[in-house]
Amino acid sequence: MSPIKLAIVGVGKIVHDQHLPAIAGNAAYTLLASASRNNAIDGLPSFKTIEEMLAAMPEIEAVSLCMPPQYRYAAAHTALSAGKHVFLEKPPGATLSEVADLEALAAAKGVTLFTSWHSRYAPAVQPAKAYLAQHAPTSMHVIWKEDVRHWHPNQDWIWQAGGLGVFDPGINALSIVTEILPSLIFLTGATLEFPENRDAPIAADLHFRNAQAVPVHAEFDWRQTGKQSWDIIVTTADGEVKLSEGGARLSIAGVEQALAKEAEYPSLYQRFAELVAAGRSDVDVAPLRHVADAFMLGKRKQVVAFHD
Ligand code: NAP
């Protein structure tokens, strides 16, 4: 099969950090162009908007949409309407309904829509899932605490409505949780802390359970300085399962497990190529649904203003 003719829309941090190396390392793709208001990819034709790009280069077959979530629907709608396959960065959109609309449009057009969740491809995730399928969880504790000033300096969109605030990293934890747990969970209570000058939360405390009343507690906080925490600890009758460093490490009953090398974005692009070849979509909104539930059910607490 000839390589998928791909373009990128919304060139920023994650495109340079992850998308470009992953695409360059995969023979299933030829990167043809980019569309971004202020940025470009060296050596490629660049356009200000996706509309200009698709008009000038109709040979483009697929696009990766890497702008902030609040602006992703319009670009996705344009691309799908033009019959292009679409890779959505996480989170797939600003609302659940807009993603449902895109899913229907992709089906009507007979093209692929992929809601990517990079953390699901962290090396610890599939081994943890396999273990938990055999050893029922009795509780889970998620601790996702990082320094927003270090990881998201001056990213205004992240603090605006729809930018998700601390759920921008927290949704990565939820993407792992929803992958490794053998049963569905649902939110039972939450507290969201909003800086008085921002429209998105800086911290969230979430309580979930499943039908068997197994508790899941998640703590997300962006005010963590010093050691950063991206840990998921699951208790089972046969010992503790701990995913740490965002799923880069796994210990089971105190024994560190040997894992494959980290390859989150290469795996995402491999999956997208397989979906395109198979003529299928993969639209999973479970992590975003939990975030929506937190905004719906959570108590809102105002905290001190946040300045970058
Ligand atoms: P970013 O660098 O702040 O934004 C990406 C690009 O989007 C910007 O360079 C900008 O390019 C474009 N953009 C910004 N505001 C826009 C607007 N109002 N309308 C249209 N385009 C706009 O963000 P990022 O860190 O790459 O994150 C982008 C997405 O990737 C987010 O959904 C994030 O959750 C996800 N992600 C990020 C990371 C990470 O480590 N940063 C990791 C995994 C996933 P132009 O100004 O040129 O248009």
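How far apart do the C-alpha centres of domain 1 and domain 2 lie? I looked this up first.

**Entry: domains.** The C-alpha centres of the two domains lie 27 Å apart. The chain is divided into domain 1 (4–115) and domain 2 (119–260 + 292–303); I note that such bounds come from an automatic or database domain assignment. Eight residues of domain 1 and eleven residues of domain 2 make the contact, where contact means heavy atoms within 4.5 Å.

**Entry: the model.** I am reading a predicted model, in which local features need pLDDT of at least 70, side-chain atom pairs count only at pLDDT 80 or more, and totals for chains, interfaces and linings use all residues. Residues are numbered from 1 along each chain as its sequence is written, and side-chain values use heavy atoms, with hydrogens and water left out.

**Entry: the ligand shell.** I found 23 residues around the ligand, each with a heavy atom within 4 Å of it. The closest are V11, S36, R37, N38 and D168. By type, the shell has ten nonpolar, seven polar and six charged residues; Gly counts as polar, and Asp, Glu, Lys and Arg count as charged. Both domain 1 and domain 2 give residues to this shell, so the ligand lies between them.

Entry: I then looked up polar contacts, which are pairs of N or O atoms within 3.5 Å. A backbone N or O atom of V11 is 2.7 Å from a ligand oxygen atom. For K13, the corresponding distance from a backbone N or O atom to a ligand oxygen is 3.0 Å. A polar backbone atom of I14 lies 2.9 Å from an oxygen atom of the ligand. The protein buries 82% of the 870 Å² that the ligand exposes when taken alone, by the Shrake-Rupley method with a 1.4 Å probe.

Notes
A polar contact is a pair of N or O atoms within 3.5 Å; within protein, one must be able to donate a hydrogen and the other to accept it, and residues adjacent in sequence count only if both atoms are side-chain atoms.
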